[in-house]
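I opened my notebook on a structure I had not seen before.

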Amino acid sequence: MSTYLVKRLLLMIPTLIGISLIIFILMVAAPGRPGDKGQAFGEINATTDPTKEKSKGESQRLFRRQFALDRPVLWNGWTSLADDHVRTTVETAAADQEAVGIKAKREAKERLEDWGYYAVPALVRILDTTEADAQSRILYWLRFSATRLPVQPYGRVLDEETVRRNAAWVAENAELAKWGFLPNDPPVRRAEVLSLWKGWYAKNRARWEWSGLEKARIGLTDTQFGTYWGNLLRLDFGVSHVHKRPVLALIAERIPITVSLAALSILIAYLLAIPLGILSAVRPYTLDDRIVSTGLFFLYSLPSFFVGTLLLRAFTVGDPWDLFPNSSWRGEGAARLNTWEQLRDVIWHVTLPLVVMTYGGLAALSRFARTGMLDVIRSDFVRTARAKGLSESAVVLRHAARNGMMPVVTLLGGVLPGLIGGSIIVEYIFNIQGMGLLTIEAINNRDYNVVMGEALIVAALTLVGILISDVLYAVLDPRISYK
Amino acid sequence: MRSDGALRPSRPADATASYWNVVWAQLRKNRIAMFALGCVRLLLLIAICAPALAFNVPFVMRASSAWSAPILDLLFDRFVFPGGVDVFFNLILLVLPVWWGAARLGRGLRPADEAVRGPAFVAAAIVTGLALVYLLFGALTGATLVARLLGAVVVPGALALAISAARPRAVRGGALARARWVCLLLFLVGFGLLMGPWKETSPLVDYRARVRALEATSDGFAVFPFVPYHPDNVGELGSSTTGRSLKRPDGENLLGCDLNGRDVGARLLFGTRISMTIGLVAVSIFIAIGILLGSLAGYYQGWVDLAIMRLVEVMICFPTLFLLLTIIAIFESRSIFLIMFVIGLVGWPGVSRLVRGEFLRQRNLDYVTAAKSQGLPERRIIFGHVLPNCMGPVLVSATFGIASSILTESGLAFLGLGDTTAASWGQMLNAGRSEGQWHLIFAPGLAIFFVVTTFNLLGEGLRDALDPKLRR
């Protein structure tokens, strides 16, 4: 049994990798993300207020840095930027719009922006071999690239080392910002600035000298892909830019509600479905069976959002009834009540949502239970049991039902994704602060980290659910041995 | 669907009846499934004829002793029907009568008249086409030049389709076949013209108000569709629609009106179009993907199978709605076609599992070995020989898939994440939820329930018909 479990757990790893890969592809494909290309630098020239320009450009850059959007997707080859490439890019970024086209100009600017610190050596080198005007353009980008943004992930406490590092960066940035010259500055000033930059670069040269191994490491890790996986392995799903909190904390808050609702509704569905299935299979094709089957068929086809809306309208508004609350899973002052009252309060709140979540699964399960029982009830061992003179209830419950219910148990793995998916709708209708509602809110707020984190967690949860149902099957059916 | 295939008397006994003939004969015995099939046909008919059932423009009207048929002009108006789905169905509405009539005509010809058939159809096509062009557009005083041109292109194209629908076997070779393709091309060009941005639009008129005014003063006369309202109230003044806001059902608006004064009945009828398109398109996409991947996995096995099955496992772990939401979240604007595409993209794992299983059963059978030994290309073995034998279960899952796709789309629209411009039932239900009005909840809710039940019943019937154990 334990070997089987270990094997199953190991098999989950490629599936999890596949899931994360799909999420990553979706994230990269997402057009129009906040801080996406085209939004970063394009409009900055359009505004007239230079201070505003700067702050807007900087905040965009910060945002892109935080979410690693300014890095290449798969491979980072910026550790060895060719001088000529950098030179032509700088020239294109500064060229006339008519000469190179607005698109090429914008792309060149964005490329320089993204290179950032990686472009410093190349920029310093080409500074030597250029004259006058071009020099000032290169110097502009050198100042830009040499500035390191102290990234502060909001909603998190920084450790001391990061704080110290950020302070050092800020100090250096302030120093570097002074080293520029205006177009009509005297040549003496120019030479002075240039020597300052060269001196600084010579002193800090080691920052850009990577060994082959380090280059490979940067190439693989300092990319969108690498950052994503690195964060995943640390169970870091990023930060919600709406809630200003880590996504994991947000989700952890919501998981208990959604999972306990789903678990409860599965429990209720099984408790009702199995007796119903047995009852209608014991007397197949009689009137009772037909009524139950037809009723279940219609229940199965009833959309949950329709039933939910009807229940909400009928029982919560006070026209005609006002029996249940219309939102949340517990009352406002619930925390002050004692345990017993709290329990009553929660039950009062979740009755309607549970009904909506349960009936669909109930219908599917009891149809399965019926077919499972029908398959078994005609088999030889049941006839033998009858022939032995066992009572009808013993035959049905102890001999037939235990075997007939096997397929129903395996169905758990199939019901679970549907149930968790359905919880979105139930939480939306009854305004329950679970994972589903979080997803909808995140989509409406374009809070992609939350959306993707949710998808990952939900898929992982489903995977665990399927595992549980498989293990359950192994435990229940002694004929199957997992060696 | 050719309903008379299995029962044609000229066929010898059941021994030579094909697999699908047997299945069809089985299905015919199932009264509930046949009822469901009838309902499906009815739904399709409603979807196609929606503007003939609900439209705030009259079929014919007489104003100051001049007759006109405004409905024909406005059927392809960019402001009256801005959505691609509506344009498509309106085109079918225009083509359907011709198509159907030609098909009837074709069946009337005896098999002995083989020599007559070709020329007869060409003549019929030309005559009917000319007549229709004259009838539809030439006689209309208000018809623009573009509309006339369109009439000249669309109607012959429709006829060509009608011919091929009528006798697909008779026109399979020779000059007639080429003529059919030319006509089809013309038809597509016509369709492109219809969709084209240079279609002139007439100024929007509130025909109901105009007819009322005419009736009061002179001998004005108009025949409106059964529900004389447009699903989006196009052409009506805001002042006249606000008065109908949240109106309860009465004699005038049989199912009441929503918050914006739009008639629920009209929206319901036009919602059929959305649901049917969603069902058919999304299912076609996921069946195509599922068949392709499943057959590759089942036929080649080995690492291909391993890779595809891992992908299936990954896809199954995502609850459908969550994955859909995640994909849809990244799109700025959500058109109904995007929703269809995404639903199709998400639904395939079940189908590919099914097809793979069937392939695993079939691939070692003698006929496959025979095909291989003849040196047939693998493409032909997979798609020409093995696949047709696996289509039974696929058909069943496609039928259930239509139901679940419609349900999924309604769910998305209910959450406010669908196409907000389309008259989708789910969106109507969501409006009913937020307004708390019974008539706004029941109408779309029951419509969704009815469609889903219909397709589920049909799916069950098909499953029983395909099951050899249940064969009677």
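Into which domains is chain A divided? I found domain 1 (42-236) and domain 2 (247-476); such bounds come from an automatic or database domain assignment. Their C-alpha centres lie 55 Å apart.

I noted the ground rules. This is a predicted model, where local features need pLDDT of at least 70, side-chain atom pairs count only at pLDDT 80 or more, and totals for chains, interfaces and linings use all residues. Residues are numbered from 1 along each chain as its sequence is written, while chains are lettered from A and ligands numbered from 1 in the order in which they are written.

Next I looked at where chain A touches chain B. The contact (C-beta atoms, placed from the backbone, within 7 Å) takes 39 residues from chain A and 35 residues from chain B. On the side of chain A, α18(A) gives the largest share, eight residues. Helices here are DSSP runs (H or I, at least four residues), numbered from the N terminus. I sorted that side of chain A by class: 29 nonpolar, nine polar and one charged. Nonpolar means Ala, Val, Leu, Ile, Met, Phe, Trp, Tyr, Cys and Pro; charged means Asp, Glu, Lys and Arg; the others, Gly among them, are polar.

Last, I checked a helix pair in chain B. Helix α17 (residues 391-414) and helix α19 (residues 438-466) of chain B pack at about 170°, with axes 9 Å apart. Axes are lines fitted to C-alpha atoms over the stretch in contact, and angles run from 0 to 180 degrees between N-to-C directions. That makes α17(B) roughly antiparallel (over 145 degrees) to α19(B). Among the residues in contact are L395(B) of α17(B) and F455(B) of α19(B).

Key
Contact = placed C-beta atoms within 7 Å. Helix = DSSP H or I, 4+ residues; strand = E, 2+ residues; numbered from the N terminus. Parallel < 35°, antiparallel > 145°, perpendicular 65-115°, else oblique.
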